[in-house]
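Please look over the sequence and the 3D structure shown here before reading the report.

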Amino acid sequence: MGPSSPGKQDRSAGRCVLSKTAEPGSQHRENEPPDAHLSGWRARVHRLRERFRARRERIRARPALNTLYRFGLGLLGGVVLLLGIVMIPYPGPGWLCVFAGLGLLATEFAWAHHVNMFAKHHYQRWIHWLSRQHPATRLTVMTTTGLVVVATLWLIGAFDLVGDFLGLQWSWLASPLFQA
């Protein structure tokens, strides 16, 4: 069984290799592309994924370029992850950015995949638990989150900035972190 057999393991590379030619008894017709059974947009997505995979394999074959690629992807994923963590208490896409950052990192690092699955599982558990609680408990969680947002906005000087814009010179608007 060589690497040209569909779904067979290529022992030298340790990766599953799919052939581009159909074997007798397979679902593909002889003159039909492998993704012909997919609908329009699914076929386009499939072809795009295959092009990305092929490009990634070409990068992986060159050690210096592979290291640079992994470093760049790690840096980008780390920045998105950190921004997501900072944005969690604020209205907006905090958790989405956390999962997007972990997803980027998970394309190259196995530990990130495990952390991503762990975080998604516990996030879903938290949402499910919160949805079953009494409205007073949910209101307490929302109030606490709101207080965290207000406190951090005050600490980073957002209220002082808005006060200056509106012409208010109230001393309590100023952040204790940025006073001279």
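## The model and its conventions

This is a predicted model, in which local features need pLDDT of at least 70, side-chain atom pairs count only at pLDDT 80 or more, and totals for chains, interfaces and linings use all residues. Residues are numbered from 1 along each chain as its sequence is written, and side-chain values use heavy atoms, with hydrogens and water left out.

## Overall make-up

The protein chain holds 6 helices and 2 strands. Here helices (H or I, at least four residues) and strands (E, at least two) are DSSP runs, numbered from the N terminus. Read from the N terminus, the order of the elements is β-β-α-α-α-α-α-α.

The chain has 180 residues, of which 18% count as buried. Buried means under 20% relative accessible area, exposed means over 50%, and partly exposed lies in between, using a 1.4 Å probe and protein chains only. Contact means heavy atoms within 4.5 Å. Among contacts in the protein chain with a separation of 6 or more, 24% are between residues 24 or more positions apart.

## Helix α1 and its packing on α2

Helix α1 spans residues 40–60. It has 21 residues and reaches 30 Å from its first C-alpha to its last, close to the 30 Å expected at 1.5 Å a residue. The expected span of a helix is 1.5 Å times one less than its number of residues. Ala-43, Arg-56 and Ile-59 are the buried residues of α1, and what covers them includes α2.

Two packed helices are described by the angle between their axes and the distance between the axes. Axes are lines fitted to C-alpha atoms, for helices over the stretch in contact, and angles run from 0 to 180 degrees between N-to-C directions. The axes of α1 and α2 cross at roughly 120 degrees and come within 7 Å, so the two helices are oblique to each other. Angles under 35 degrees count as roughly parallel, over 145 as roughly antiparallel, 65 to 115 as roughly perpendicular and the rest as oblique. From α1, Arg-56, Ile-59 and Arg-60 meet Leu-65, Asn-66, Tyr-69 and Arg-70 of α2. By class, the residues of this contact divide into 3 nonpolar, 1 polar and 3 charged. Ala, Val, Leu, Ile, Met, Phe, Trp, Tyr, Cys and Pro count as nonpolar, Asp, Glu, Lys and Arg as charged, and the others, Gly among them, as polar.

Is Arg-60 buried, partly exposed or exposed? With a relative accessible area of 27%, Arg-60 is partly exposed. The C-alpha atoms of Arg-60 and Arg-70 are separated by 9.6 Å, and the two residues are 10 residues apart along the chain.

## Helix α2 and its packing on α3

Helix α2 has 25 residues and reaches 36 Å from its first C-alpha to its last, close to the 36 Å expected at 1.5 Å a residue. Its buried residues are Asn-66, Leu-73, Gly-74, Gly-77, Leu-81 and Gly-84, and they pack against α1 and α3. Leu-82, also in α2, counts as exposed because its relative accessibility is 57%. Between Leu-82 and Leu-102 there are 10.0 Å in space, C-alpha to C-alpha, and the two are 20 residues apart in sequence.

How do α2 and α3 lie against each other? The axes of α2 (residues 63–87) and α3 (residues 94–106) come within 7 Å and cross at roughly 160 degrees, so these helices are roughly antiparallel to each other. The residues of α2 that meet α3 include Leu-73, Gly-77, Leu-81 and Gly-84, and those of α3 include Cys-97, Val-98, Gly-101 and Leu-105. This contact of α2 with α3 has 12 nonpolar, 6 polar and no charged residues.

Asn-116 is found in helix α4 (residues 110–132) and counts as buried because its relative accessibility is 5%. Not counting residues up to four places away in sequence, Asn-116 touches Phe-99, Leu-102 and Gly-103.

Helix α4 packs with α5 (residues 135–155) at an angle of about 130 degrees, with the axes 7 Å apart, so α4 and α5 are oblique to each other. Trp-126, Trp-129, Leu-130 and Ser-131 of α4 make the contact with Thr-137, Arg-138 and Val-141 of α5. Just after α5, Gly-157 takes a positive phi of about 90 degrees.
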